[in-house]
Amino acid sequence: MASAGDPPAGPRDAADQNFDYMFKLLLIGNSSVGKTSFLFRYADDSFTPAFVSTVGIDFKVKTVYRHDKRIKLQIWDTAGQERYRTITTAYYRGAMGFLLMYDVANQESFAAVQDWATQIKTYSWDNAQVILVGNKCDLEDERVVSTEDGRRLADDLGFDFFEASAKENINVKQVFERLVDVICEKMNESLEATSSPGSNGKAPALGDAPPPQPSSCSC
């Protein structure tokens, strides 16, 4: 389990310290919706059908190129069980983006989306960006949550929406790219704005927030 402080650099990451920004992203949602598999598919292009419940919180690092910028993503995989909730919510503050995930074949996980959205609103920055992800869309025969219901809820919450499958590698890369893009858009808006503090004083706007750390590289 990762410590509450800044995570240590992994073996591959240690030699890769040149980047323009670093974004902290969180995957949240009920247990067994596929958060860990989703992260492994994106970071390592791997998938295992075995379910192993995440204990507390873990993370992976991936560097991407978007808008002529080298962006290091620090992606945190959170446990969905209630007993870990106080641990995982401590990581919300400072996160620039969330993937809020449910399982299209699990009505309970979909019903919990509103509660997870409230957690984001309570514990994260005002300008944190959120994408609602209906995972396991490959399980069409077992589907209990329609695409229309997922999109309608996302619209009500003001979130972007995707259906995806870690198993079949459907929309995994696209979901992360969209989240990075909307974060970049908000950063640019904040940089152009004359006033940057958050509307209720909870946190600064993205353009002034600590996580998008500039690289020490002079290039």
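Is Phe176 buried or exposed?

1. Phe176 is buried in this predicted model, as its relative accessible area is 0%. This residue is also among those with the most contacts inside the largest nonpolar core, together with Phe23, Phe38, Leu73 and Leu99.

2. The largest nonpolar core comprises 29 residues. At least two of its residues come from each of β1 (21-29), α2 (35-44), β3 (69-78), β4 (97-103), β5 (129-135) and α7 (172-192). Helix α7 provides the largest share, with 9 residues.

3. The aromatic pairs number 7. In one of them, Tyr42 and Phe176 are stacked, at 3.9 Å centre to centre and with 10 degrees between the planes. Tyr42 belongs to helix α2 and Phe176 to helix α7, so this pair ties together parts of the chain that are 134 residues apart in sequence. Tyr42 counts as buried, at 9% relative accessibility. Phe38, Tyr42 and Phe176 form one aromatic cluster.

4. Tyr102 and Phe110 make an edge-to-face pair, because their planes stand at 65 degrees, and the ring centres are 4.8 Å apart. Tyr102 is buried, with a relative accessible area of 0%, and Phe110 likewise counts as buried, at 12% relative accessibility.

5. Two lysines should be noted in relation to aromatic rings. The charged end of Lys62 is placed over the ring of Tyr42, 5.2 Å from its centre. Lys60 lies over the face of Phe40, at 4.4 Å from the ring centre.

Technical notes. Residues numbered from 1 in each chain as written. Predicted model: local features only at pLDDT ≥ 70, side-chain atom pairs only at ≥ 80, totals over all residues. Heavy atoms only, no water. Core = buried A, V, L, I, M, F, W, Y, C linked by side-chain atoms within 4.5 Å. Buried < 20%, exposed > 50% of the residue type's maximum accessible area, 1.4 Å probe, protein only. Helix = DSSP H or I, 4+ residues; strand = E, 2+ residues; numbered from the N terminus. Phe/Tyr/Trp six-rings, centres within 6.5 Å; stacked < 30°, edge-to-face > 60°. Lys NZ or Arg CZ within 6 Å of the ring centre and 35° of its normal.
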